[in-house]
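Work through these exercises with the structure open. Try each task before reading its solution.

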Amino acid sequence: MTTARHRPTPDGSAPPAYGAQACDDECCDLVTVPARQGLEAVDILRRGAGDTIGPVLHDGGCDTLGFLVPPGTADGWDVPGSACTQTFGRGMSVYADPEPGPAVPEPPVAGTGWLLPPGGETDPVTDPAVLRAALGQAARTIEAADNCR
């Protein structure tokens with residue numbers, strides 16, 4: 001089981017404690033990062049063997065990206081250069097209408113759009129441990145590219 005199916009733990013990989021609530025379809029937290037690092041992380045996650053990615057938002061000015069993660073992630077999120085916001089399910093339903101067709105829900109945050117919409121090829125949320133690793137790799141890639149100038 002991945003951490004995307006239960007509340008995160010300090011080491012990011014332990015199974016949920018007895019009686020822990022699984023992430024339901026109506027709640028998630030939101031990890032926001034600068035767009036450059038976020039786009040690099042999206043590429044890393046999409047190229048990864050077996051790694052999956054949930055829906056990703058972009059802000060209207062394309063300055064930041066937001067990754068939907070399981071509820072409770074914000075409690076232990078400490079990745080420099082990013083922020084994780086607890087939503088407690090307020091308006092964060094990201095599931096499309098169950099009717100057949102290409103319906104995509106409106107983004108849950110005003111002034112945003114979907115980079116990767118929910119449904120189709122995306123998981124319900126991104127595994128926080130996998131996202132943490134991808135953001136770290138993205139930061140190192142960006143630093144290396146900037147140092148080559």
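**Exercise 1. Count the disulfides, then account for C84.**

Solution. This is a predicted model. A disulfide is a covalent bond between the sulfur atoms of two cysteines. The test here is a pair of cysteine sulfur atoms within 2.5 Å. By that rule the count is zero disulfides. C84 shows how the rule works out: the nearest cysteine sulfur belongs to C28 and lies 9.5 Å away. C84 is therefore in no disulfide, since the cut-off is 2.5 Å. Next, check its accessibility. Buried means under 20% relative accessible area. C84 has 17%, so it counts as buried.

**Exercise 2. Find the residues with the most partners in the largest nonpolar core.**

Solution. In soluble globular proteins, nonpolar side chains tend to be buried together. The largest nonpolar core here holds 20 residues. V31, F67, L131 and L135 touch the most other members. Now ask which elements contribute. β1 (29-34), α1 (35-47), β3 (64-69) and α2 each supply at least two residues. There is also a second, separate core of six residues, with L57, L68, W114 and V125 among them.

Look at V31 in detail. Leave aside neighbours within four places in sequence. V31 then contacts L65, G66, F67, V69, W77, S82, A83, C84, L131 and L135. C84 from Exercise 1 is in that list.

**Exercise 3. Is L131 buried or exposed? Trace its surroundings.**

Solution. First, locate it: L131 sits in helix α2 (residues 128-147). Second, read the accessibility. The relative accessible area is 0%, so L131 is buried. Third, list partners, not counting residues up to four places away in sequence. L131 touches V31, L45, F67, V69, W77 and T126. Fourth, compare sequence with space. L131 and I53 are 78 residues apart in sequence, yet their C-alpha atoms are 8.3 Å apart.

Repeat this for P128, another residue of helix α2. Its relative accessibility is 5%, so P128 counts as buried. P128 and L68 are 60 residues apart along the chain, with 9.2 Å between their C-alpha atoms.

**Exercise 4. Describe how α1 packs against α2.**

Solution. Two packed helices are described by the angle between their axes and the distance between the axes. For α1 and α2 the angle is about 120°, and the axes are 8 Å apart. The crossing is right-handed. Next, name the residues in contact. α1 contributes R36, Q37, E40, A41, I44 and L45. The α2 side includes V130, L131, A134, L135 and A138. Last, sort the contact by class: ten nonpolar, three polar and three charged residues.

**Exercise 5. Where is C62, and what is its phi?**

Solution. C62 lies in the loop between β2 (56-59) and β3. Its phi is positive, at about 60°. Most residues other than glycine have a negative phi. C62 is not a glycine, yet has a positive phi.

How values were computed: Residues are numbered from 1 along each chain as its sequence is written. This is a predicted model: local features need pLDDT of at least 70, side-chain atom pairs count only at pLDDT 80 or more; totals for chains, interfaces and linings use all residues. Side-chain values use heavy atoms; hydrogens and water are left out. Helices (H or I, at least four residues) and strands (E, at least two) are DSSP runs, numbered from the N terminus. Buried means under 20% relative accessible area, exposed over 50%, partly exposed in between (1.4 Å probe, protein chains only). Contact means heavy atoms within 4.5 Å. A nonpolar core is a set of buried Ala, Val, Leu, Ile, Met, Phe, Trp, Tyr and Cys residues joined through side-chain atoms within 4.5 Å. Axes are lines fitted to C-alpha atoms, for helices over the stretch in contact, and angles run from 0 to 180 degrees between N-to-C directions. A crossing is left-handed if the near helix is turned anticlockwise from the far one by less than a right angle, and right-handed if clockwise. Ala, Val, Leu, Ile, Met, Phe, Trp, Tyr, Cys and Pro count as nonpolar, Asp, Glu, Lys and Arg as charged, and the others, Gly among them, as polar.
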